[in-house]
Every structure is written in C-alpha cells, then in structure tokens.
Number of protein chains: 4
Amino acid sequence: MYKIDLNCDLGESFGAYKIGLDDKILPFISSANVACGFHASDPLVMSETVKNAAKSGAAVGAHPGFPDLMGFGRRNMNVSAAEAKAYISYQIGALDAFCRANGVKLRHIKPHGALYNMAAKERSLADAICEAVYEYDNSLILLGLSGSMLLEAAKAKGLPYASEVFADRAYEEDGSLVARTKEGAVIKDEDEAVNRVIRMVTQGTVEAITGKVVPIKADSVCVHGDNEKALAFVMKIRASLESSGVKISALER
Amino acid sequence: MYKIDLNCDLGESFGAYKIGLDDKILPFISSANVACGFHASDPLVMSETVKNAAKSGAAVGAHPGFPDLMGFGRRNMNVSAAEAKAYISYQIGALDAFCRANGVKLRHIKPHGALYNMAAKERSLADAICEAVYEYDNSLILLGLSGSMLLEAAKAKGLPYASEVFADRAYEEDGSLVARTKEGAVIKDEDEAVNRVIRMVTQGTVEAITGKVVPIKADSVCVHGDNEKALAFVMKIRASLESSGVKISALER
Amino acid sequence: MYKIDLNCDLGESFGAYKIGLDDKILPFISSANVACGFHASDPLVMSETVKNAAKSGAAVGAHPGFPDLMGFGRRNMNVSAAEAKAYISYQIGALDAFCRANGVKLRHIKPHGALYNMAAKERSLADAICEAVYEYDNSLILLGLSGSMLLEAAKAKGLPYASEVFADRAYEEDGSLVARTKEGAVIKDEDEAVNRVIRMVTQGTVEAITGKVVPIKADSVCVHGDNEKALAFVMKIRASLESSGVKISALER
Amino acid sequence: MYKIDLNCDLGESFGAYKIGLDDKILPFISSANVACGFHASDPLVMSETVKNAAKSGAAVGAHPGFPDLMGFGRRNMNVSAAEAKAYISYQIGALDAFCRANGVKLRHIKPHGALYNMAAKERSLADAICEAVYEYDNSLILLGLSGSMLLEAAKAKGLPYASEVFADRAYEEDGSLVARTKEGAVIKDEDEAVNRVIRMVTQGTVEAITGKVVPIKADSVCVHGDNEKALAFVMKIRASLESSGVKISALER
C-alpha cells in the first residue's frame, strides 16, 4: 500500500499578529512544521501550537529559519556555517521544550524559506544544518526538497531523511523546481496538481516541464493553511489520495 | 565539612558585543549561569560558553530573562504568567540543545535580572517559572534568592532548589536584601564581604543592617566576572573559603 | 459650529503580518496615528501608510510605543525617563522621514498602549515624552487621554495638546476611565456610545458610571479599524456626528 | 591647500554593551558616522553620541545598516530595493531627531558594512539608497567607496557625494579594494599606510597592488576607534597629514 505524508507550516503567528488557519488545517495533515521564533512565532504561540498538534495527532517537527522576523525568513542571509549550525540547535531545542512539556516526541526538522532554499544548493550550509540536527538527536528526520543537496548531506551524515514534493510546482528534467520567474513554474489547475501528486506517490515519476517523464522521490507533500482556498485544496488532495489507495501518514524512520 | 557553590552569570556577549571575562573566571567558579538569547547572548555565544564551561568542569545552568536585549533584562516587564512560563520553557530548551551537543547535563536554572527580582516577590510569576522548569525536567535545581517567594514556589512544586546569597549586599532582619537606594546597601569592604560569606556558610547567619544577627540559608554565592577587579575578588573569596575549610562545589540535588 | 477629530491607530502591520483594514478606514477618519516600528510596523509599512494617509487627506501623527513587538507595546515596561525620551525622539524622527518623503507635515503625537496608559499617570514619564516632542518640533500636538497627567505635562511644557475620549468606555466622576476589570467599564450598545460622544462634543459633559453628569474635554475620538464591525461603527459615529451638526476635522493648534 | 576629512564609525554601543572609545577619538576626527539602531546603537546611545559629537565639533552623519544586530550588519541580506530605501529613510530620520534636539545639522550619510559593500556593486541597491537620502534632504552628502557604484548613483541622482579611501587597504589597478582573501590586501606597516594616504590626498594617486600607479579620488579617510592601537594610529595619521600641509576638515557640499 502506498503512503504519503502531508506537511504544513504551522505556528507562524507572533504576538498580536495572526497568520494561518492552524486549527482548521490540523485535522487534515499528518505533520506540522512548527516555527521556532526566529522568522516567525513566539514562545506562547509555540506552546499552543504543539499542544494543538498533539491533540490532533499530527507529528510535530521543528521549522527553523533565519533570524529575520521582518522578512519572515524569506531573504537570503549570508550567515557562516557555524552561525547556521548554532541557529538550528537553538531553535530545535526551544521547540523541543514545548514537546517535552506536552509529552510529544519531536519527529522531524524542515528548514524554512530562504534557509531551505539555500541549503538545497549549498553543501556547507546543508552540512551545518545536518550536524546540528545530528548532535541534538540523530533519530530526527530531516525533511528537505526532493533531490536536494540538503538530503545528500543528511544521507552522508547518517541522518534519516525524507523527500518533499510540491503539488503546485513544475519540475525540471533533473528533478529541481522550475524557477518561479519562468513561465509555467506554478501549476494552477487544482485537478492537475492533485493528479501529479498521485503519480509521484504511486509511480515515483513526474512529467517535467519539457514533457519528459522523470523519476522523483516523494515522501511528503507540502500543503498550506493560510486561507480558506488553501484549506479546501488540502481537503481535496487528501480525499483524492485516499480514494487512490494512498494512506496519509506521518514520516517514519 | 562545609561546602558552597560559586555561581557566575556567563555567556552574556552578543554578536560583535563582548561582555565578561568568561574564560578567566571559569576556573574559579563551580556553576555557570548561561544567558539564553533573550536579555543577552546569541546561539553562537551559547554554543561556545557551554563548550568552555564543560571543559572547565563548571556545572551549567540556564539563565533565562525577559525579552529585552536593549535593557539587558533589567527592566520590569508586566508579562502574564502564561507568557513567563513559555519564555522560560523556550530559553531552557534552547540552552539545553547546546548542552546535549556537548554531552553536558543541564544542572540548574537561575532567572536573570528583573525576572529574578520580580519572581522573588510575586508568587504567580514564581509559580509560572517553576511550572516551566518542572515540565521540562523535574530534576533541575532552581537557584533563587535565599528566602524568596521563588524558592517557596519551587518547594511547593516539588522542585529541587538552592538558596543564593550575595557577598556585597546588606540584608534586612527578615533576610531580604537592603534596597540599593538605602545607605549601606552595598558592602564595599572586600574583607568584610568575604567574612560575611564565610559566616553565612559556616554558621548559617548574617548580621543584618540593624546589627541583629539573623539566620540565612546559603547554598550558592553569586560572583561576577565583568572586569579584573571582580575577577580578583572571586579568587580572594575562593581562597578564603577554602582556607576556612569550606569546599567549593556545584549544586547537587 | 462644533467639531471633533476622529483618530485611528494605523500602520500596525509588520513584515508578512497584516493587521487592520487601513485602506478601508482611512476615508472616514481625520487623523491617522502611525506606528513607528517599536511595538508594531516596519519601515516599508510606515512608508505605505504615510503615503495612503496623505492621499486620503487624513492628518498624520506619530504613534510611538515601547520596544516590545512581541507584546504589541501593551505591557508596562519600567524604562527610565531618559530612555523614554530617547525612544520617543527616535520614533518621531523615523516616522517624519516618511512624511518628508511624501510632502506631509507631521501633525501630532499619540503614545501607544502601555506607554499611553503609564504616561497618563506618571508625571516623570509624561514629562520625558513632552520634552522629546518639544525638542523635535514644538508645534506638534500632543494627543492624550482627556484629563490625564500627560496633557498636564504638555501644558506645562508649552506644547499644543488635544484631549482624547473613548466612545465605548465608561468614565468615573473624576473624568478618568473606569478600569476594564470593573463591571460596566465598556459601553456595549452602539447607539448609546454614539450619543455619549455627541454629548461630550456638544455639551462638554459625560454621564459618569455613578450617574452623575461631569465635565469632559473632547477634542478627538479614538476609533478602530481592526475588523468590519469596527469599520461599520466608525461610519455610524461619523454619520451621526455630522447629522448632529458636528464637523469632523483634524486637530489644529 | 590640500584638505581631507577623517571619518569614524561612532555610537555603536547597544544597551549594556559597549563598543568603541568614542570620547577619546572624537577630538581627532572631523566626521562621525553614527549608527542608527539597526545593526548597532540604540536611541539612548544615539542621543549621547550626537551630543558628544556636537561638543567636539565633528560633523554628524547617519550610518544606516541592515536590520541585523546579531550580525552587526556585516552579513549580506537579500533585501528588495523598496525595503532598502525604507530602511534608509527610517534610520536617517531617527538619527536626525537627535540632531534636531541638539541643534546639529545632519551632514552626511555613509551606509554600513554589508550594505556599504553591496551598494558599491549593485546599482539598484545604490539607487534605492540615494533615493531615500534625496527625498529626505537633497543637500546631504553621500559618503561611499571611492570609485564605487554608490557614488555613481549619487551623481546620477544629483546628490552631493564624497569619496572614501582606506589607509590600510591595498587597491587594484581599477581603483577597487583588493579582496581581503588575497595576500597583501591589508597594509600592515603604519608608516606606509600614512604615506599612502598623503599621496592619495596630495597627488590623487595610489600604487596599486601590481605596482602600477593609478588615480584615486580621496575626500575622506576611514579611521577606527575600537581600541588604543587604532586610536594611536588616528593621532599619527592626523599629525602626519597636518605636517604635510593637509588640513583636516569635514565634508562640504
């Protein structure tokens, strides 16, 4: 039987600022990537988010980012490998405190935004992240872009890892994401997006933007809970996967 | 045989900003209270500080504070109990990540600055701190002002706790510190300060500012490593304690 | 002819975080209090907000707060008078840069949240704020709680000032706001709230919570643009004031 | 008669953190670049720094940087042109508030660290900076790396600008700085450094690392006040310049 994880970034609110329909999307996902206070979230939000994720049965992962709240962690920052490693350690530990308080076992780590993108391409940054995770708990699963340098680094380090795919993004023949600046980079048709995911999961392939069918590893699909439309799409993709015989379940080592 | 802990706030540097002669004072103290990134420190500093404390053999404790880097955590902030609890959880977890990476067991928690002072008097804040510590690891020792509400809260919660005294501060008859605004609040004579500590440790008493001798519990003496003068005083008090038959050793449950 | 100012806190978004229906409420208010990056807002948001306020014709004021983004400036902070003064200077200058770039003359200053409340009662804090404003531009109008210490300080300093009233809050006989913890502190009936404002403006009186009619000075009414309900109330109060012969216009020296 | 400006970054302390021998170096420089609270400094430090600069007679300039206190503004950040422009406006305005309070006319703007380096090469960033400065006050002098894109942008915008040179850095034949990673990038001999500056000022040339003598524009020399050694060098270079008939004076339009 096929299975796939549905992961979503959660706990991105900060103080008086609210982002995301966390409560509404939790029942439909299997993994929650919880922001850790650098690019988003604060301790109170983290506490609530972990508590709610635990109640819903979603696996809890850390979602560390750059120390750039004003930019929501979406801006490349030229941090050193040592800084990156320390930032990851700090954020994992901070989130894990709320897991411990709620009797939850931290399951995975997924870097956020610019850190995710940079680590997909820069080996030294990827290594720094993997070292921090490994030193904290070498049973934590590193969730990263399918086919990326980050997953190669995890493999080299001996960390369990999982490949993330995107329902609404086009792929190049080499398995990388088509740059957003390129036409056709985003799949706008919801049914097409759903069918692409089912194919990735059940056949291990994706039709690249060139038309050529290429192999792709899909352990987890990234979904969003920012608004009602995103929420509706998650329900749709979940139902479609299940009716195609694909079980939704959290990542496992 | 008498024994006492010498504790010092460490790891208070931040980015390009350096505070404290951490390397120089580490050999002379038994406990390091490491700042956790809210009122001082950053992940890289925390990583280095825990590593160096581990090398020196000092016990490592978390030194959480208010989220007020600009005020160094010294300004009272009217946070709710829920906020305080979450801030403590977050900071303990963040620091513990570096302990885990360095194979160090986190030993104690000492709130910093305004948080320390407020929690000495406000039971709801003291309870919030103790709950966070207890939920994280109920074997952690809470280090607080001797005779304070914070230690009462720890006792009520079932947390191990330790009583901190100050060599250079005068005490009221009820065992509280004489307010800094009052004349005679600070003991300026070094020999007198040393003798007062020896008396607290070996006899369990202190001469209050009124002249009356009152009981005081002393498990740990707070020392400083900010400058050469402070450093010299630590060496002096350590030597005096040892020659008076008092052993310097970290807190134990 | 009677006239009154309708002021609203604007520009409270921060990075990816959105708060307030700024564009929708701008046409209905005469004064915009723009957050300055300490408790809310960021430079890009400030730039946009000033631009939009200028287009709509609303007067632009600075809305400085405590350096506490996580608490949205709503938590009392024990800052010194010198710190408070410097924080005010900094924030006024920062906002004024966007006024200059948009050809707008900064009109008023209204402290935010905990700073507003504390300055209403503590004369040294009130003086610090007024000194900062006076040194920056002694033609700026200080907008504060009607009958508060802050306005007394402004008067003493020789600053123009204006008295703010609240449509939805009950008043004590001495003209102070009934504490939110007390029953009846908030006026929930919209029509009653509107009528109270009209009375304040046209008769200079308010019925205190005790039933006694007391004098009150009303130069400006605080309204909100957080949600559709708040927006509807602003339109209602504006229409009611205008049909009662009260002109809505910005503060003037 | 030849003349040159000696500029130094000042006011980089933050809260309890002290950096720089500001008081000691002020008498020897003609221009103070004052940090504005993003990469360093806080409102109280800015207030003190402007006051002290005014007393000493040094011209006051704004020294804006990236919003990265943890990295001291030394890490490249991928901010948009609109963000950069707003960050510059905000910081100039904030600093100018302290100039107004002290009766000082803000004279120049020098971007800090990574922002300085990136703006020397990226025209869109350079343009964004110049637009912010121009819209604030088109008589402000933009101080940037001699021969850089930033100065070209200033020229194109119609802003007054000034060329900064470094005493202790080697130059390529095209007038750019030799990368720090290259051998010989830093001039370690103090006398050589001093003589190079005198040549730049009096002859308008510098011997490039290749040995070839190339033209260079030198309006201002960057000096440092971080420590006693740096301070001694400033006194030396000042004395040498004066004895070579070069007058030390602040930038003028």
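Leaving aside its neighbours within four places in sequence, which residues is N7(A) in contact with? I began my notes there.

**Ground rules.** I am working with a predicted model, where local features need pLDDT of at least 70, side-chain atom pairs count only at pLDDT 80 or more, and totals for chains, interfaces and linings use all residues. Residues are numbered from 1 along each chain as its sequence is written, chains are lettered from A and ligands numbered from 1 in the order in which they are written, and side-chain values use heavy atoms, with hydrogens and water left out.

**N7(A).** I found N7(A) in contact (heavy atoms within 4.5 Å) with S31(A), N33(A), K110(A), L143(A), E164(A), S220(A), V221(A), C222(A) and V223(A), leaving aside its neighbours within four places in sequence.

**Chains D and C.** Next I looked at how these two copies meet. I see 22 residues of chain D in contact with 22 residues of chain C. In chain D, P43(D), Y90(D) and R100(D) lose the most area to chain C, together 34% of what that side buries. Buried area here is the accessible area (1.4 Å probe) that two parts lose on being put together, summed over both. Of the interface residues of chain D, 100% are also interface residues in chain C, so the copies meet through the same surface.

**Salt bridges.** I count two between chain D and chain C, the rule being a side-chain nitrogen of Lys or Arg within 4 Å of a carboxyl oxygen of Asp or Glu. R100(D) forms a salt bridge with D96(C), and the closest N and O atoms are 3.7 Å apart.
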